[in-house]
Amino acid sequence: MPRLLPLFLLAALVGPLAAQDVSVPYTEFTLANGLRVLVHEDHSTPLVTLNTYYGVGGIHEKPGRTGFAHLFEHVMFEGSTRVEEGDFDRLLLAAGGTSNATTGFDWTYYYETVPSNALELALWLEADRLGGLLDDMHQGKLDGQREVVKNERRQRYENQPYGLFLEQMFSTLYPAGSPYSWLPIGSMADLGAASLEDVKQFFRTYYVPNNATLVIAGDVTPAQVRPLVEKHFGWIPRGADVPKLDPRIPPLAGTRHLVREDKVTLPQVNLAWRTAPLFSDDHWALNALAYLLAEGKNSRLYRRLVYDERTAQQVSAFQNGQLLSGDFFVRVTARPDGDLGALERAVLEEVAKLASEGPTAEEVQRVVNGLETEFVLSISTVEGKAEQLNSYLYYTGRPDYLVEDLRRVRALAPADVQRAAQRYLHGRHRVVLSFVPQGKTALAATSQENAR
C-alpha cells in the first residue's frame, strides 16, 4: 500500500499551484432526446472517464417507497438482453477499465474509467443500460439485488457502532414524509415491499435522457466524441418531464434531546443544526466553521476536549449541504463513562465564542489554505474533473462554477465565519443525540435551555 504524504507536506507541494487560477474547460452539446453532454480534453494520460449524473436520489422517493434510487444503482450493473448479467464489469475489466456508482440524497451517478481506445465500449455499455435495462428486468433480478442492498444496510448501519446516527438525525431534523427525512439506503420494510412494477415505474420516470448529464473527460476530442455519443445514445427516446420537487421544507420546530443505547464502550454526543443548501452564500463560511471547530489538532474543540481537558477521545464537525437544505454536525466521542451533557455544553460554549468574537485572521487563512489544496487535488485526475463538472452543473447550472467557487473560498474573512455561527448555530434549535453503552442512560445529554 503506498504511503500517504502528511497533509502539511502535501499542502506545501500543492500550494504554489493552488495560488494560481484553476479551471476545467469543456465543450458542450445536447442530443435531440435531451441528453446533455460535456467534453473535457486532457491528454496527459491515455485515459478517459465517463461520468453520468441522473437527477434522482433519496429526495425523489415517497414515504413507503424509499430506497429505490439506491436499489437501481445496483440493478444498473446487472445487464440487459444485450449484456448478460456480470458482463458489464467483465467487459470493462478485460479492457483495462474500472467502474463504480454512488447514490446520494439528490442524485445518482455512475462512472467508468478506461484506456482511451476503449471509449466506444464504455459508451455502448452506458447507453445500453439506460435504453435497455427494462428489457431484461425480472423478479429474480430484483429479489437478488434487494437482498444485496439489505445486507449493505445491515453492514453499514445496523451492525456498526453508532451506525444509526445519520438515520436518527435526519428523521428528527426533518418532518416525517419530507425530503431528507430518510436515508438513500431506504428502510428494510420499504425495500421488502417494493414490487417489480413499482421499480419499473421508478426507472421509467427518472432514467431518461432528459434527466441525465454525461461528462466525458480525458484523452479525447469533442470531434471524436460527438458522433459516438449520437450513435450510442441518440436512439433512446426522450422521457416525460421529471416531476419537480417542492423546495419548501418547514424549519426545525424546537431543540430535541434523544438517547440511544447501543453496543458501544464509549459514549458519544452528536449535535446537528439546520443550515443552508450547497453553494448558498454561507456555504464556505459554514465549512470554515466546521474546520475551526474540529479539523485537526489545532482546532478549538480538539485542543479543549482532547488535549487540555481530556474528556473526549475524538471530535469531528462537518457542514452537509444538499440541493434543498443543509445541516451542520458536531460529533464528540467521550472517554469511558464521560458526561455527555458537559461535552454538549463545551461545544455550545465554543460556538458562542465564535459567534461573539469571531475567529482570528490567522485561523481563517489556515482554513483557506487547506480548502485551496482540496480544490486542486479534486481536479488532479480525469475522474475528479468529470465529477466536478457534473456536480457544478447539477447544483448551480454552471459547469464552470469552479472558478467562482474558488474565488469565494479565497475571499473568506473572519466576519463571514462569525456571521455563520450567529445565523445558524448560536442559540438556534438543534437535535442532540446521545449514544450510550447499554444500561448507562445517565451519561446522556439532556435539555438545558430553550433555543429560539
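Let's start at Lys385, which sits in helix α14, spanning residues 382-396. Helices here are DSSP runs of H or I with at least four residues, strands are runs of E with at least two, and both are numbered from the N terminus. Before going on, keep in mind that this is a predicted model, in which local features need pLDDT of at least 70, side-chain atom pairs count only at pLDDT 80 or more, and totals for chains, interfaces and linings use all residues. Residues are numbered from 1 along each chain as its sequence is written, and side-chain values use heavy atoms, with hydrogens and water left out.

Back to our lysine. Is Lys385 buried or exposed? Lys385 counts as buried, because its relative accessibility is 15%. The cut-offs are under 20% relative accessible area for buried, over 50% for exposed, and partly exposed in between, using a 1.4 Å probe and protein chains only. If you skip residues up to four places away in sequence, Lys385 touches Val24, His40, Asp42, Ser378 and Ile379. A contact like this means heavy atoms within 4.5 Å.

Next, look at a pair of helices. Helix α13 (residues 361-378) packs against helix α15 (residues 401-410) at an angle of about 165 degrees, and their axes are 9 Å apart. The axes are lines fitted to C-alpha atoms, for helices over the stretch in contact, and the angles run from 0 to 180 degrees between N-to-C directions. So α13 and α15 are roughly antiparallel to each other; that label is for angles over 145 degrees, while under 35 is roughly parallel, 65 to 115 roughly perpendicular and the rest oblique. Which residues of α13 and α15 meet? From α13 come Val368, Leu371, Glu372 and Phe375, and they meet Leu402, Asp405, Leu406, Val409 and Arg410 of α15. Sorted by type, the residues of this contact of α13 with α15 are six nonpolar, no polar and three charged. Nonpolar covers Ala, Val, Leu, Ile, Met, Phe, Trp, Tyr, Cys and Pro, charged covers Asp, Glu, Lys and Arg, and the others, Gly among them, are polar.

Another pair is α2 (residues 68-75) with α5 (residues 139-158), which pack at about 115 degrees with axes 9 Å apart. On the α2 side, His70, Leu71, His74 and Val75 take part, and they meet α5 residues including Lys141, Leu142 and Gln145. The contact of α2 with α5 divides into five nonpolar, three polar and three charged residues.

Now for the inside. The largest nonpolar core has 76 residues, and Leu119, Leu123, Tyr207, Ile216, Val229 and Phe233 touch the most other members. Helix α4 (residues 119-132) gives the largest share of this core, six residues. A nonpolar core is a set of buried Ala, Val, Leu, Ile, Met, Phe, Trp, Tyr and Cys residues joined through side-chain atoms within 4.5 Å. Leaving aside neighbours within four places in sequence, Tyr207 is in contact with residues including Tyr54, Phe72 and Leu130.

Tyr162 is not a glycine, yet its phi is positive, at about 60 degrees. Tyr162 lies in the loop between α5 and α6 (165-173) and is buried, at 17% relative accessibility. Arg310 is not a glycine either, and its phi is positive at about 55 degrees. The place of Arg310 is the loop between α11 (300-308) and β9 (312-321), and with 56% relative accessibility Arg310 counts as exposed.
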